Amino acid sequence: MTAATVAESAGARGDQPPVPEGAVTITVKILRFNPEIDSEPRWETFGVPALPTDRVLNLLHYIKWYFDGTLTFRRSCAHGICGSDAMQINGVNRLACKVLVKDLMAAKGKQTTITVAPIKGLPVHKDLLVDMEPFMEAFKAVKPFLITYGNEPTRERIQSAADRERFDDTTKCILCACCTTSCPVFWNEGSYFGPAAIVNAHRFIFDSRDEGAQERLDILNDAEGVWRCRTTFNCTDACPRGIQVTKAIQEVKRALLFRR
Amino acid sequence: MTLALDKPRSPRRPAARRSNFEMISWLFMRISGMALVVLVLGHLFIMNILDDGVHRINFAFVAGRWSSPFWQFWDLSMLWLAEIHGGNGLRTVINDYARKDSTRFWLKMMLYVSMVLILALGSYVIFTFDPDISAN
């Protein structure tokens, strides 16, 4: 691609910078989709110079800045905190900003190919950009906020360290959708809440300060709730924060079984 | 009263129905599964391995077994647990894989009808089995 056409496309940064010492050319295969042109998603391949210490997000930036400015993906903080750049990297859901190229390198002497596809089960708007609305709808449906009744205390709501520990794991969720879009039950046409929504319900159900546990348990007891979980552990494998997602779902099931 | 929604066109799901059906079916799958391990493996052992295995099975063998209420109860519980366990499993598979509501509905109707037919026929045979029935 000539410099002129690169400059014309959005997000491009002009000529390629000099390739650093120790860089290898990585084949990056991206599942692309432009709703204005394509009827089906298509694979496109780029050869990107990369250092082993680069992240997959760097490769995507390189493609967007120097090869094709129309490449579309989300990213915000680029440090594994905001949860914007969840995508399917080599077939598993990961945050592009947390996967290092050296961990995906092929055996010595072989060409490294990294495939990048949008997360599954959500409508694709363009390239790696998906519609997060169904995911957020499930999140909102479990009432992910503190519910209390009666008079407000005059001081802060006190909680023991042990009570805080009870739901500590599920407070780590960043709503990146890695878990929910790795779940085979979520991929079908139904409206299963998905692991992320259950994790965020768990965070409040087991919070000693919260009084809305019964409402949330009723919601998750429904046909599209926790009982659709098949315990495949895809969610636990996918979580970039290391949350024991399947365990959290099991704890909600247990709370439903033994409530009252 | 209208609700003030920040995103009026975003999808919303219907309110929970406060039904324990999914929980009970989940629990049933676990309990019936454990029972079926004993019932089915025991059945396979008796039918295929013990004594002469399949070679000794004939009308008289079945008649002899079903003269005891114990084996009648064994076979009846195996029939009901296996049929409902398998049917419920297929129900969840249909829920997972059917793409259209009408496909889902008709597949489930076929499933339920076949379940009722098999349960009714099997129970009818076990309860009304006549060891003295004539060959013609």
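Start by selecting residues 24-32 and 42-50 of chain A: these are strands S1 and S2, which run antiparallel and are joined by 9 bridges. Strands here (E, at least two residues) and helices (H or I, at least four residues) are DSSP runs, numbered from the N terminus, and two strands pair if DSSP finds at least two bridges between them. Click on Ile30(A), and you'll find its bridge partner Glu44(A) in S2(A).

A quick word on what you're viewing: this is a predicted model, where local features need pLDDT of at least 70, side-chain atom pairs count only at pLDDT 80 or more, and totals for chains, interfaces and linings use all residues. Residues are numbered from 1 along each chain as its sequence is written, while chains are lettered from A and ligands numbered from 1 in the order in which they are written.

Opposite Thr113(A) in S5(A) stands Thr27(A).

Now hop to helix H7, residues 213-220 of chain A, and pick out its buried residues: Arg216(A), Ile219(A) and Leu220(A). They sit on the same side of H7(A), because the arc they cover around the axis (taken from the directions from the helix axis to the C-beta atoms) is only 95°. Buried means 20 or more other C-beta atoms within 10 Å of a residue's own, exposed means 12 or fewer, and partly exposed is in between, with C-beta atoms placed from the backbone.

Last stop: Thr231(A), in the loop between H7 and helix H8 (234-238) of chain A. Thr231(A) isn't a glycine, yet has a positive phi of about 55°. Is Thr231(A) buried or exposed? Exposed, with 11 C-beta neighbours inside 10 Å.
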